[in-house]
Amino acid sequence: SIQNIAMALSLNAWKGLAMAEFTVSPVIGAAIAVIMKDRAKQIFISCGVIFSSGVLLAGGFVHLLGDSNEQFEDLGDDNFPWAFFIAATTIVGLVSLEIVLDRVLGDYLQCKQKNNTAEDSDSTTFLREQSRDQCSIEETQEQEEPLTEQEHDDHHHRAHIDSENPFSALLLTIALSVHSIIEGLGIGASSDAGEIRSAFIAVAAHKAFVAFALANDLVRSGFWVDRTKRKYFFISVGTFIFVSLLGVAIGWGIN
């Protein structure tokens with residue numbers, strides 16, 4: 001009927017708009033994180049990350065978790081809080097995985113770095129002895145000379161680059177990508193215009209903030225400052241965007 005055709009067009013329009021928004025908003029959020037790295041003080045960046053985390057948690061616990069619990073109840077399985085159990089298990093699992101990655105792989109890289117340093121120490125001992133006195137003089141001069149405002153800001157920014165711990169950024173990329181593809185599946189598989197409208201608004205409201213938090217973590221891990229690693233920054237952000245579109249497309253096709 002005409003009404004069904006109009007509803008289908010409306011649903012397709014919302015899904016197409018969702019795919020466009022899921023592409024543009026993350027790009028804007030990631031760009032803001034890169035720009036703020038050089039032009040904003042660390043306190044503002046930290047506040048932005050905290051706010052982004054709050055938006056993501058609020059969207060998950062207030063909107064998605066409640067909807068999931070209602071869906072389990074609609075299926076007739078209301079004897080056990082499956083939605084809350086799955087959410088809690090996921091949180092504990094991701095935290096445990098991050099701790100394991102940070103400790104095991106971090107210790108491995110640190111041990112490898114020490115071995116490389118020990119191998120190179122013999123060949124550089126003579127050069128270090130020659131330059132030690134010169135470095136001492138330069139350090140004394142630097143300590144006596146006060147830092148300019150620009151130098152202080154540059155030092156302030158560099159102090160928050162942790163290029164030796166890339167695992168948190170990797171884990172965050174995986175977690176947010178899984179989160180994004182599930183969101184996309186939910187929107188793509190929706191068959192009700194009112195439902196997809198509310199879901200779109202909820203997801204669109206925090207998409208840029210999530211991308212900002214991800215990009216900031218990648219910057220802190222050294223994937224932007226080091227030009228040789230910058231490709232991983234684009235791969236990570238691109239993966240985050242791609243899986244959102246993939247989720248919408250899969251749900252759309254299934255529906």
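Student: What does the side chain of serine 244 reach at 3.2 Å?

Tutor: In this predicted model, the side chain of serine 244 reaches the backbone oxygen of phenylalanine 240 at that distance, 3.2 Å.

Student: What makes the pair formed by the side chains of serine 244 and lysine 207 a polar contact?

Tutor: The distance between these two side chains is 2.9 Å. A polar contact requires a pair of N or O atoms within 3.5 Å, one able to donate a hydrogen and the other to accept it. The pair of serine 244 and lysine 207 is therefore listed as a polar contact.

Student: Where does serine 244 lie, and why is serine 244 called buried?

Tutor: Serine 244 belongs to helix α7, which covers residues 230-254. Its relative accessible area is 0%. Buried means under 20%, so serine 244 counts as buried.

Student: How much of the protein chain is made up of buried residues?

Tutor: Of the 255 residues in the protein chain, 28% are buried.

Student: Why does aspartate 78 count as exposed?

Tutor: Aspartate 78 has a relative accessibility of 54%. The term exposed applies over 50%, so aspartate 78 counts as exposed. This residue is found in the loop between α2 (42-74) and α3 (82-144).

Student: What makes the surface patch of Glu70, Glu73, Asp74 and Asp78 negative?

Tutor: The patch is formed by Glu and Asp residues. Asp and Glu count as negative, and the patch is therefore called negative.

Student: How many helices and strands does the protein chain have?

Tutor: The protein chain has seven helices and zero strands. From the N terminus on, its elements follow the order α-α-α-α-α-α-α.

Technical notes
Residues numbered from 1 in each chain as written. Predicted model: local features only at pLDDT ≥ 70, side-chain atom pairs only at ≥ 80, totals over all residues. Heavy atoms only, no water. Patch = residues over 30% accessible without salt bridge, like charges linked within 9 Å, V, L, I, M, F, W, Y side chains within 5 Å. Areas by Shrake-Rupley, 256 points an atom, 1.4 Å probe, with all protein chains shown as cover. Salt bridge = Lys/Arg side-chain N within 4 Å of Asp/Glu carboxyl O. Charge placed at Lys NZ, Arg CZ, Asp CG, Glu CD. Helix = DSSP H or I, 4+ residues; strand = E, 2+ residues; numbered from the N terminus. Buried < 20%, exposed > 50% of the residue type's maximum accessible area, 1.4 Å probe, protein only.
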